[in-house]
Protein chains: 2
Amino acid sequence: MNNAKNKNITAREIDFAKWYTDVIKQAELCDYGAENGSAAGTIIFRPRGYAIWENIQHLLNQKFKILNIENVMLPLLISQKAFQVEKDHIEGFAPECATVTKVGNNQLSEELIIRPTSEVLFCRHFSKIISSYKQLPLLYNQWCNVVRWEKNTKPFLRTSEFLWQEGHTMHNNDEEAKNFTLKMIKLYADFVEQQLAIKVIVGAKTIHERFAGAKMTYTIETMMQDGQALQAGTSHYFGQEFTKVFNIKFSNKDNKQELGYQTSWGVSTRLIGALIMAHSDDLGLVLPSTIAPHQIMLLNLSPKSDKFKITVERIFKILSSHFRVLINEDNKSFSYKKSESQIKGIPITIAIGEQEIENQVIKLILRHNLDTIDVEINNEKLLVTTIINQLNKLNKDLFNSSQKKLNTSLKELTDFNEYHKLVKIHKGFFIVPFCDQIKCEEEIKSLTGTTSRCIPLEPYKKPSNCFKCQTPNSVWTYFARSY
Amino acid sequence: MNNAKNKNITAREIDFAKWYTDVIKQAELCDYGAENGSAAGTIIFRPRGYAIWENIQHLLNQKFKILNIENVMLPLLISQKAFQVEKDHIEGFAPECATVTKVGNNQLSEELIIRPTSEVLFCRHFSKIISSYKQLPLLYNQWCNVVRWEKNTKPFLRTSEFLWQEGHTMHNNDEEAKNFTLKMIKLYADFVEQQLAIKVIVGAKTIHERFAGAKMTYTIETMMQDGQALQAGTSHYFGQEFTKVFNIKFSNKDNKQELGYQTSWGVSTRLIGALIMAHSDDLGLVLPSTIAPHQIMLLNLSPKSDKFKITVERIFKILSSHFRVLINEDNKSFSYKKSESQIKGIPITIAIGEQEIENQVIKLILRHNLDTIDVEINNEKLLVTTIINQLNKLNKDLFNSSQKKLNTSLKELTDFNEYHKLVKIHKGFFIVPFCDQIKCEEEIKSLTGTTSRCIPLEPYKKPSNCFKCQTPNSVWTYFARSY
């Protein structure tokens, strides 16, 4: 990846956190809620930030539709009484719950919380509508906002309100539900690798890191450029834990009443944070072509001239039927406009100047590696296929780079002392044999500030003694500092 | 329209309100929040109800895109302090505002309200990001949930939480902003007439009925089958009222600081209520083809037979590349399955039975008029074009019927006593000369329970004396009982 710099963006080497917020600000992805009359820790999704989310929604909805998953929308507010039914669940979320106690000047007789997640409402609804095995599997999803009060917030990665999709499904039996939990984490893995071009590790969460109330949590874990891990999506298997509490019963094939088997799964707007921290550089945003709000920027280098306007519009007409294209006609210099296009992460910039019109040859300036490619204007077909190929190559390049970073930075260890020493300086995942006991994990966390990320679906090596407590037959597990 | 009945649905003639909730329940469009662990007055959008909203979103987004309107997402919560800046606005909304006072067990130092609308946040954001005329017009929209506490709720029509889009724009001058306000109400009118097949009256709200803080409110008004009007969308012109309060300034072409000119406009999930009450009948839902979640239902009349399965799947394959198609393979009778398809408002039902396979001819059973049309299975092209034509005709039929109902029920009056007598029994709009004085309108409202709906954009007749107070030169205005 390139080492060029932009004066408005702190270099990653100097201060990664500052680089991140600089990129977000310069690329105009979001603004801070607290500066705009909302609560601390919330954000405004500006057009380019929201367009990334819309692209993610569109691509995931296509995948959901193939599996016959149906979109629904449940209410924002949950009654305190309803929420308090499932113990583990309430313990996990209660301290972060924003609570509505009055309307206008009137106190409510029963307090309402803003949904931090919607298991409770889905369960109540399922218990009303499910009666027969013929209705199962019932596969629901909703795209919505949720509120979880956070002390330390960071745009996209951790915000007091965020956008997500939460899938909730009900199944005929244990095996079907378990398989579906796995199917969804693999769907997320494919999506993040193919569309977001970020390498993932697919695995199971340790007992310590499971979702409140879940019997099993699968996760996809990604590696950011600063060496910290980021959880990019999760899929939970609940078994009959919630269906028992909420009395979700169906009459099975033998005409007997049976409790349903449940899953839930979700990804959120933190994927936008992952995209930024996985691919971007000191010039600004770098985005895969699949998800970039605009794929091509046409720079008109002499906006007042009719001759230029005609050529720019001719090219725009050719390209905009295939790609998401913008025209920049500002009265600014080529280098200023090129830099703006780079800050915004537009995959291909094409400048139309005197020379281009004279020679009828344009340069595709690629964002991610700064390469340039000459193409004749008059060969429409070649122009379009060249761009298609370059947009595909962009995604491959980004994915390969992401995969390489993850692999080369992976550190295999069996000794906790060495781990403790390295943890402050090593950038990347550790893979260690771990006993998966809550007490052991709590000790590791308090001593090192790191957490287990996942137990990979495909075992890394044969089990060994736990790197911390020496329990034999411990499974190789990923650990890292994380967002 | 047809007069057939379904035993689970109360006839419209007998009890229109009960008919409405019966249709919603039987068609599985929504469920009640209060019965599912949420607050009273909220609803769950079930898959078919939400799919209608997704279709509305999709079609409106296409129209917004042509106008270069950009989607954004602002936070859910607004600080009380920020909200209280604009007086008229706060007076209009304060009594309905759900207020967050604590998180977990901790009281917040500043209370937050859940957005009832987002003018305040958009204004704060605009004041931060706008500096030059070159950025204008700035055209933003957001699709989101809002909360307005309602005492009398009705699914889709009036709910404590609802889904909507709210557009907020900032302009260079008065004329541009006024024109844009009008452009958006006309866009809504086109959308509702063409895609939802409901006749609208486009007009301006009276002073009494304007949006809190707006200088002008345009509306599209529709007529339901029970003779009550329903406001289906609004577009507001704010002038510089809010930009003064929020100090939204830009440097104009003469390099002088000037306050921006503002509009906002929105439609909500009450459009789903309008769809139901405009088109549906005693058999259940009737939907235009543009917005129906599924356009065709294939009934397999012998689900266990391979021969049937093959034919049904062959037809499904042909049709599903052109239309939204479902297969019903339940082990139920033809009439039961046909009735289910009708309840759900699926425009065309096709039953595959012994006779159809033998003759290779299928019947298209049309939902809205119960007509049937024979088509040969083996003539694929004819089958597809016949269905395309029938789906188009469905929308035309529904629109014509809606238009006819509105026109034939319109009552022109100039005398308030007559109005007062008729208002209890007349089903439809009244058109009357009205002075547009707040005091006069309040009297009419308290005496008759009716409100002005709009002053039509195209004058109905020459001005005359107010039908109530006799003020001369009063403009012809629509009045009605309304939802």
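Predicted model: local features only at pLDDT ≥ 70, side-chain atom pairs only at ≥ 80, totals over all residues.
## The open sheet of chain B

In chain B, five strands make up an open sheet with mixed pairing, and their order is β16-β15-β17-β18-β19. Strands β16 (325–328) and β19 (372–376) of chain B are the edges, since each pairs on one side only, and from one strand to the next the twist averages 25°.

Within this sheet, strand β15 (residues 296–300) of chain B runs parallel to strand β17 (residues 348–352) of chain B, and five bridges join them; Met297(B), for example, has Thr349(B) as its bridge partner in β17(B). Helix α9 (residues 306–320) of chain B lies across β15, β16, β17 and β18 of chain B, and runs at about 170° to β15(B).

## Aromatic pairs

Over all chains, the structure holds 46 aromatic pairs. One of them joins Phe64(A) and Trp265(A), whose ring centres are 5.5 Å apart and whose planes stand at 65°, which is over the 60 degrees required, so the pair counts as edge-to-face. Phe64(A) belongs to helix α2 of chain A and Trp265(A) to strand β14 of chain A, 201 residues apart, and both residues are buried.

In chain B, the rings of Tyr419(B) and Phe467(B) have centres 5.1 Å apart and planes at 85°, so this pair is edge-to-face. Tyr419(B) and Phe467(B) are both buried.

One aromatic cluster is formed by Phe416(A), Tyr419(A), Phe430(A), Phe434(A), Phe467(A) and Phe479(A).

Lys461(A) lies over the face of Trp476(A), 5.7 Å from the ring centre, while in chain B the charged end of Lys468(B) sits over the ring of Phe416(B), at 5.2 Å from its centre.

Notes: Residues numbered from 1 in each chain as written. Chains lettered and ligands numbered in written order. Heavy atoms only, no water. Pairing = 2+ DSSP bridges. Helix = DSSP H or I, 4+ residues; strand = E, 2+ residues; numbered from the N terminus. Axes fitted to C-alpha atoms, helices over the stretch in contact; angles between N-to-C directions. Contact = heavy atoms within 4.5 Å. Phe/Tyr/Trp six-rings, centres within 6.5 Å; stacked < 30°, edge-to-face > 60°. Buried < 20%, exposed > 50% of the residue type's maximum accessible area, 1.4 Å probe, protein only. Lys NZ or Arg CZ within 6 Å of the ring centre and 35° of its normal.
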